[in-house]
Amino acid sequence: MSDFLSVNIPKFTSVFSAIGMFFIVLAVLFAIAGRANGKKARPIALVIFLAPSLILLLAGLIIPAIRTFLFSFMNPDSNAWVGFDNYKWMTEDPNVKSIMVNTILWILVVPIFTAALGLLLAIMLDRIKHESIPKSLLFMPMAISFVGASIIFKFVYEYSEPGETQIGLLSSVVDFLGGTPKDWMLSKPLNTFLLMIIYVWTQMGFGMVILSAAIKAVPADIVEASALDGASGWRLFRNITFPMIKGTFIVVLATGVVGALKVFDIVRTMTGGNFSTNVLANEMYSQVFVQFDQGKGSALAIVLFLLVTPILIYNIRSLRMERSHS
Amino acid sequence: MSKLKIANHNPGRKLFSSKIATVVVWVTTVIWTIPTLGLLVTSFKADKDILNEPWWVSLFNPHFTLSSYKGVLFGGDSESLSNGVLPYFVNSIVITLPATIFPIVIATMAAYALAWIRFRGSDFIFFFIFALQIVPLQMSLIPLLLLFTGGAHIGSVTVFPALGIAGDFAGIWLPHTMFALPLAIYLLHNFIASLPRDLMEAAHVDGANHFKVFRMIVLPLSIPGIAAIAIFQFLWVWNDLLVALTFASGTEEVAPINSKLASLVGQYGSGYTQLSAGAFITIAVPLIVFFSLQRYFVRGLLAGSVK
């Protein structure tokens, strides 16, 4: 215990002194700059308020992004140009092909399931009493890290040899239904879909919550008017409600696509990218930090960027637009 | 939202009867909750029982123990975790607090400048920062790591006075701060720009400068927005794996608990007790935040969902 204290008290002192220093520097800057009068006051204030952000963004995002772009045309150690070799490697290597196939599977399956399930539950939540309890339990997995969620599902997907007790829920259920449990993480292509379930489990709540808000915001008079016109049930939903929440639905889909493209933690924790489950973001990490090939890693990052950009632009735009209207 | 007339007659009305809806919602809720419950029950079982008896059987045959937690927190029972996860838990707190406070404060300042100290080009800068949201984390990792380890050839020595911060806490605070800024500035700008203009002008007429206006008017009025974004950032950092793996070495000195947990999964011989109790300790903090601050949590998560 005393060991523990002697190691960890300095950590806390360092964190509190860092935060303290941060605020002291700010206070001193504010005090000094606040004394400036006349014409200089405004530019000085501007610099103090804005410069920290601009410097950090320049050093942390803008310059690194440009360098990553350059690295993608260079060798593993980033000290000689290799032209398009890293991109050519992507089109030729069979492993990369399997990675791309998996990534495409992820961006096709995951968003559709997340959004469809979210929509279904949002509609049903609207129809029940005490909706807040199921709503918050369904939303709860969003607070859990992908690593935590993966471990939760490691226990669900656990497999024991025949004859031993199956402690995994999935194996038990399959056993109970008369099937034969297998080592789920080794069974391709099922394993990729089992990993997707983990993602859907954590993210479905997001779609449900914003779709639920969108449904509640559909003006009552429109619905009433069309109900008077004889629309009901499925037709009312298809012709009136859904068109009014379509924008939100697409945002949920697009968020799912971006999330599925960037998925890394789940694959790394569950299979390490083995057994044909590898995806783009995990391969990017492995190329850089396992293979020590900054060139290929950077090229993969560029591909990720190119795939994410159009969706993200659309998504950010419509999400903001929606929010500014409400 | 409150200004809109909330539908009395629900639009989804006759699509499902409320009985079917109730059943489907509650069945889904149970299915959704079972995996977490399984982990919780498993974490209270003795090591030898975990493999011999499924957790749902143990529920009706309870012989629970805190031994997993004792072993995982304080260590001693295996090589991979000789000192327990407590040091990593401490690291997570040490990483998360500054990595939440720094970007929020810096972003609030920038948001104020862009909203209320107008100058030529302020619209352009705001749009540019907004657009930076599309740069994925993966684009910055390698060059930023090179900058921390190998120093700066681009004259940023003054920006990073302590080079060699790779593997240090500062080397994790800084990337988290940088990556948080575009979204935080954008969201806070929307919030701060909507504060009443009269208030600002009255303060300036009374002789207050920008620093005073920022402290006395903008900060107090922005607390709800700041709280939501801070909670989102807190969870983002606590649950992050990629930044931690890249910038923190896996050691007990700096690695956060989430990345330690990830490394335990792959290690041969790390038992189920370690995994289950370790995972529950890791997710306990976000779950507490979730259940106690749910309103802010939802607002922050929805705002930050495009990150």
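## Confidence in chain B

Chain B has an average pLDDT of 84, and 84% of its residues score at least 70. pLDDT is the predictor's confidence in each residue, from 0 to 100. This is a predicted model: local features need pLDDT of at least 70, side-chain atom pairs count only at pLDDT 80 or more, and totals for chains, interfaces and linings use all residues. Residues are numbered from 1 along each chain as its sequence is written, while chains are lettered from A and ligands numbered from 1 in the order in which they are written. The model scores ipTM 0.91 and pTM 0.90.

Among the elements of chain B, helix α5 (residues 86–116) has the highest mean pLDDT, 95. Helix α14 (residues 294–303) of chain B has the lowest, 74. Helices here are DSSP runs (H or I, at least four residues), numbered from the N terminus.

In chain B, pLDDT stays under 50 over residues 1–13 and over residues 154–162. Where pLDDT is low, the predicted coordinates should not be read in detail.

## Where the chains meet

The contact takes 105 residues from chain A and 99 residues from chain B. Two residues are in contact if their C-beta atoms, placed from the backbone, lie within 7 Å. Helix α2 (residues 41–71) of chain A gives the largest share of chain A's side, 20 residues.

## Two domains in chain B

An automatic or database assignment sets the domain bounds. Chain B has domain 1 (13–65) and domain 2 (86–303). Six residues of domain 1 of chain B are in contact with seven residues of domain 2 of chain B. On the domain 1 side, α1(B) supplies the largest share, four residues.

Key
Helices (H or I, at least four residues) and strands (E, at least two) are DSSP runs, numbered from the N terminus.
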